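User: I would like to learn how to read a structure like this one. Can you take me through it feature by feature?

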Amino acid sequence: MQILTNDQQALFNRERALLGELQIALTRFGMERDDEAALRQAVQQMYDLFLLVVAGEFNSGKSTFINALLGQRLLKEGVTPTTTQINILRHGESESAAVLEGNILALTAPSELLREISIVDTPGTNAILREHEAITAHFIPRSDLVLFVTSAERPFTESERGFLEQIRDWGKKIVVVLNKIDILQSDADIQEVERFITENAARLLGIQPQIFPVSARLAMLAKAGDPRAWGPSRFEPLENYIRTALDEDERLRLKLSSPLGVGQRLTGRYTSLIHSRLDLLKEDTVMLDEVEAQLGLYQEDMRRDFKFRMADIENVLLDMEKRGDDYFESTLRLGRVSDLINKKRIQQEFEQQVVADVPGQIERKVNDLIDWLVEADLRQWQSITGHLAERRRKLKDRLIGDDGVGSFQYDRERLMDALGRESGRVVETYDRAREAEEMALAAQTAVAATAAIEVSAVGLGALVAALATTLTTDITGILLASLVAVLGLFVIPIRKRNAKRDLSEKIAALRKSLVGALEHQFSNEMERSIERIRAAIAPYSRFVRMENEKLSAAGAELAALEQQLADLKHKVENL
Ligand SMILES: Nc1nc2c(ncn2[C@@H]2O[C@H](COP(=O)(O)OP(=O)(O)OP(=O)(O)O)[C@@H](O)[C@H]2O)c(=O)[nH]1
Ligand SMILES: [Mg+2]
């Protein structure tokens, strides 16, 4: 490479460092192997001789053109796809050939031109042999300038357009060589073909490449000793371009701007990849937020409904208290003093009239509560399954596939699948009876501890029996004293009041402990239901959150690098 001035060297160093940063950033992000190789080669290329790559469709005359340029038949020419590997031609004291890498052959020849630049002959594109095209496409990122050879027989074909697009996307400068003009009848024909190429390059690719119409065959003839062929070969302007327009400064400009083009192409590619992933995640986040909001609503609804249901259960007890009051009112009367002596009968009466079906009623209400909870739990799972199914349908409609870089899509789909499978499985195998039974068992244990179910047998029955007994003791004493009036006026009302108060206190305590136990039990069940749903969603939502952070950071980093690449490219172009 030429000796660089201080400014040039500074630019060179800056570029080298910037591409290094890009390499690190993209490697961290996880770039594809091909892209990594392209970037590595672009960096490496900075230290090599100027690389002029000759590309184009097979049979367009690339090898012939290079032979003509060098004035010697170094490369094989032929009517069928001929060149099968990359040939790098470099300067050497004598002709030699050595395999560089798998598909690359290094040739040397004692040519003055090759002291300044290396010339690369590539296998033609659009060949039956697809691998030829791949070999050439792979090599493009390494080039400093691409001479694109098209033949006057079929200029600017559709496949050429596609290939030129790739070259353009790598940020390469393109010069078009319109070969085989010797088969055209007149200068006017040549001009027409040139115009055709210019128009289409601008319209379809947005580029304005310089075009050199030549006949490589005539040029070769001229160099082999037929001077009449030189003029019609129109090789002179092209050779001048290569020798003079492509002077040292221009070569340096191209050499420095070429790797920057590769860098820009890669930042562009990964930036759009990051954006499309972020878009995807944004919608995932919306869906997860919806699910979360719904869980919140579910919890709220359940709490509210639960309060009503608790009030319902409390009412059962309040009704009982009222019946108790009525019972005391009608039983603890002077006229029934004789009945009050029969403790067993009082207890029985109390159980039949006051307690009645309270335990059964409470049990039924608790069972309703359980069914209601189980139903609500199932509905939540159904709704999650529904959300996921809809998300998938939307994605399918938009045909979002793997972007081929790293394991993002794979991980995302795997987690979505796992969640979908889990919620689907829960819904499909949801066994209401078993869930209810499990809950009932737990509720029973809790309620039993409050002795609620035993309310009739032990609690209140015994209370009433005790009341009756003490009352009769009093009555006996009072009767002996023959103070019936006192009994009617004072003792019985006081007893009655005490009995009512006792009952009220007992029921209040019962209500408190029953409701407390149920509340405790069912808020646990609700928590458990929501926790289970959240646990199923957690890996997926964690992935969404973490990828979001990761991608945003990578996006910001690439944006900064992109800006620096553009700035540097601007500087290089104005070198
Ligand atoms: N008429 C005419 N024929 C040419 C010219 N240049 C090359 N050819 C012929 O076109 C055919 C293909 O030439 P090559 O140089 O092998 O073409 P290539 O582009 O290297 O082909 P691949 O290596 O297969 O991609 C050969 O038969 C050449 O003789 C030219 O300027 N005029
Ligand atoms: Mg060839």
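User: What should I know before I start?

Analyst: This is a predicted model, where local features need pLDDT of at least 70, side-chain atom pairs count only at pLDDT 80 or more, and totals for chains, interfaces and linings use all residues. Residues are numbered from 1 along each chain as written, chains are lettered from A and ligands numbered from 1 in the order written, and side-chain values use heavy atoms, without hydrogens and water.

User: Which protein atoms are donors of the magnesium ion?

Analyst: Donors are N, O and S atoms within 2.8 Å of the metal (3.2 Å for Na, K and Ca); water is not among the atoms, so sites may look incomplete. Here the protein donors of ligand 2 are Ser63 (OG) and Thr83 (OG1), at 2.0 to 2.1 Å. Serine 63 sits in helix H3 (residues 62-70), and threonine 83 in the loop between H3 and strand E2 (86-91), 20 residues apart. Helices (H or I, at least four residues) and strands (E, at least two) are DSSP runs, numbered from the N terminus.

User: Is serine 63 buried or exposed?

Analyst: Buried means under 20% relative accessible area, exposed over 50%, partly exposed in between (1.4 Å probe, protein chains only). Serine 63 is buried because its relative accessibility is 8%. Threonine 83, at 11%, also counts as buried.

User: What lies 2.5 Å from an oxygen atom of ligand 1?

Analyst: An N or O atom in the side chain of threonine 64. Backbone atoms take part too: a polar one of glycine 78 is 2.9 Å from a ligand 1 oxygen. Taken alone, ligand 1 exposes 650 Å², and the protein buries 93% of that (Shrake-Rupley method, 1.4 Å probe).

User: Which side chain does aspartate 35 make a polar contact with?

Analyst: A polar contact is a pair of N or O atoms within 3.5 Å; within protein, one must be able to donate a hydrogen and the other to accept it, and residues adjacent in sequence count only if both atoms are side-chain atoms. The partner of aspartate 35 is the side chain of tyrosine 270, at 2.6 Å. Aspartate 35 lies in helix H2 (residues 33-45) and is buried, at 5%.
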